[in-house]
Amino acid sequence: MQIRVVSDQPWSVRADVLAVPITSDEPAEPDASTLVELDRRLDGAIGDYRRFGEIDASPYRTALLRGRDLGAAWVLAAGAGASEAFDAVVAYRFAASLERRLAGRRVTSLAVWLPAALRARPGLSAADLAMLVARGVVEGAYDPALLYRTDYTEAPPQLEELVLIAPGADVGALQAAVARGMTIGEGARIARDLANRASNDVSPAALADAATDLARAHGLAIDVIGPERATELGMGMFMAVGRGSDNPPRLIVLRNGADGARDARGRLLALVGKGVTFDSGGISIKPADRMEEMKMDKTGACTVIAAIVTAKRLAPDLPLLALAPAVENMPGPHSTRPGDIVRALNGKRVEIQNTDAEGRLILGDALTYAERLGGTHLVDVATLTGAVERAFGKQITGAFGVPQSWYEEVAAAGTRQGERYWQIPLVEDYVPDMESWYADLQNSGPADGSLVKSGLFLRQFVTRPWVHMDIGGSAYLRKATAWAPRGATGVTHATLVELALEGAQRG
Ligand code: BES
Ligand code: MN
Ligand code: ZN
């Protein structure tokens with residue numbers, strides 16, 4: 001897809017569809033005159049439809065109108081809410097919802113008018129808006145039905161051209177931002193495609209193969225650690241989880257930059273993603289209800305693999321690490337049992353109370369290994385708990401971090417990309433609940449405050465600045481929204497890329 005930014009008037013741009021944002025407040029100049037002229041060229045249809053109630057400013061509400069005296073054949077009037085409330089979250093969703101609204105239609109070129117009022121929002125620069133709209137359109141075109149079906153015709157259109165119309169803007173400055181938005185959007189689609197694939201299709205070895213293909217295609221170094229080396233290295237927690245499965249574990253390590261290299265901030269950021277290709281719970285088996293959703297338990301791994309690829313495309317010399325411990329958690333004669341005691345890579349003895357609290361086991365060893373590889377700042381992404389969905393639902397990612405300044409830096413990157421985080425306190429009070437009679441600690445304790453306890457467990461395996469993102473709720477949708485289909489959302493990918501690129505800026 002080509003993306004162009006133009007400073008023309010919206011009626012002069014040739015496209016199949018022109019999207020016109022409708023805000024609830026009275027537009028100010030110059031947007032007011034632009035709308036009047038657009039409406040005049042449509043024989044007053046926008047005004048008539050609005051009075052009739054067919055066009056409405058409610059966010060993501062849309063109406064399709066036949067174009068008349070315009071360069072575009074069709075006009076998509078799209079609710080954008082109140083200008084006052086228009087932020088990065090709304091900008092991204094607004095753009096993604098345009099693509100989804102056009103599903104099944106024959107569209108190869110889409111033009112989106114960016115009114116001046118929306119290009120001057122506090123905390124959302126014109127460049128950020130252009131980046132988010134480009135990213136939103138690319139991600140909005142994603143449809144998981146295309147993964148396994150060949151006869152599907154209801155997908156959003158795969159565009160040949162996207163035109164962002166910003167009358168009076170410095171077009172050159174916005175062009176770089178849209179290119180970046182498009183690349184980030186393409187990366188999220190890689191993450192979503194991997195995550196949506198079925199568990200009989202993506203074993204730990206298959207995930208490692210997919211990562212190897214991506215590494216070759218983009219010039220990243222890759223090391224895939226199999227069971228023998230993981231055992232030799234002493235990764236007892238990582239090795240405990242996959243024992244019940246015929247599909248052996250793989251620790252996937254992707255790297256950009258030479259050994260010892262640091263980014264412009266003197267850091268080596270390490271992204272660590274939970275890659276449980278299927279989580280049956282193991283011997284502590286899960287109930288059958290919704291167990292099929294546990295193919296999504298590899299989403300963190302898919303996200304960090306995609307994020308390092310995206311960062312490499314945008315900043316080829318940026319030193320960066322991504323680690324994806326991949327295992328299948330199954331019951332079987334060789335499975336780890338509740339009560340088994342293992343030795344973690346960092347030397348701690350851990351009693352496995354509950355084999356369904358497996359994510360923290362593989363992440364703990366991967367975090368230790370990330371530090372050994374020189375990672376100075378760590379971020380892990382994991383579908384770690386069901387509790388985070390009960391607390392926050394699907395639209396917010398729960399997160400922990402130490403020190404607070406590192407958490408805030410990560411959260412700020414998320415805000416710029418329109419992704420929502422809410423911090424969970426890591427209070428020490430619950431540490432005694434994780435103590436074990438036989439070992440240094442156990443992997444689960446009494447269920448109260450289990451979200452906090454999951455963070456306290458992981459913290460035992462890091463010594464450097466670290467943030468944990470629990471995407472147990474936000475990783476995938478059970479039903480579509482206006483801006484996303486069901487299945488993997490790609491959440492946190494954009495935040496991770498944004499965060500990594502901070503290390504490229506001052507170099
Ligand atoms: N992968 C699950 C968490 C999960 C459940 C994510 C449902 C998304 C939807 C994780 O491995 C798990 O089973 N966690 C347990 C932890 C408990 C045993 C301490 C949970 O959340 O119940
Ligand atoms: Mn589990
Ligand atoms: Zn799990």
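How much space lies in the largest pocket?

Reply: About 890 Å³ lies in the largest pocket. A pocket here is an open set of points on a 1 Å grid over the protein atoms alone, with protein on both sides within 12 Å along at least five of seven lines. Volume is the space filled by probe spheres set on the points, which are joined across faces, edges and corners.

This is a predicted model: local features need pLDDT of at least 70, side-chain atom pairs count only at pLDDT 80 or more, and totals for chains, interfaces and linings use all residues. Residues are numbered from 1 along each chain as written, chains are lettered from A and ligands numbered from 1 in written order, and side-chain values use heavy atoms, without hydrogens or water.

The lining of the largest pocket holds 32 residues (an atom within 4 Å of a point). K286, D356, T385, G386 and A387 lie nearest the centre. Two elements give two or more residues each: α11 (387-392) and α13 (450-459). The largest share, three residues, comes from α11. Helices are DSSP runs of H or I with at least four residues, strands runs of E with at least two, both numbered from the N terminus. By class, the lining has 14 charged (Asp, Glu, Lys, Arg), ten nonpolar (Ala, Val, Leu, Ile, Met, Phe, Trp, Tyr, Cys, Pro) and eight polar residues (the others, Gly among them).

Donors are N, O and S atoms within 2.8 Å of the metal (3.2 Å for Na, K and Ca); water is not among the atoms, so sites may look incomplete. D356 counts as partly exposed, because its relative accessibility is 22%. E358 is buried, at 0%. Buried means under 20% relative accessible area, exposed over 50%, partly exposed in between (1.4 Å probe, protein chains only).

D279 bridges the manganese ion (ligand 2) and the zinc ion (ligand 3), 3.2 Å apart. The zinc ion (ligand 3) is coordinated by K274 (NZ), D279 (OD), D297 (OD) and E358 (OE), at 2.0 to 2.4 Å. Its donors follow the spacing K-x4-D-x17-D-x60-E. D279 sits in strand β10 (residues 275-279) and D297 in the loop between β10 and α9 (299-314), so the pair ties together parts 18 residues apart in sequence. Both D279 and D297 are buried.

Now the geometry. Six donor atoms around the zinc ion (ligand 3) subtend angles of 78 to 173 degrees, which makes the arrangement octahedral. Six donors count as octahedral if opposite donors are over 155 degrees apart and all others between 65 and 115; anything else is irregular, apart from the tetrahedral and square planar cases for four. Ideal angles for six octahedral donors are 90 or 180 degrees.

For contrast, take the second largest pocket, with about 440 Å³ of space. Among its 21 lining residues, P144, N196, K295, R486 and G487 are closest to the centre. Its lining divides into eleven nonpolar, two polar and eight charged residues. Domain 1 (2-191) and domain 2 (199-501) both contribute to this lining, so the second largest pocket lies between them. The domain bounds come from an automatic or database assignment.

Conventions:
Tetrahedral: all angles 85-135°; square planar, octahedral: opposite > 155°, others 65-115°. 1 Å grid on protein atoms, 1.4 Å probe; cavity = no way out; pocket = protein on both sides within 12 Å on 5 of 7 lines; lining within 4 Å.
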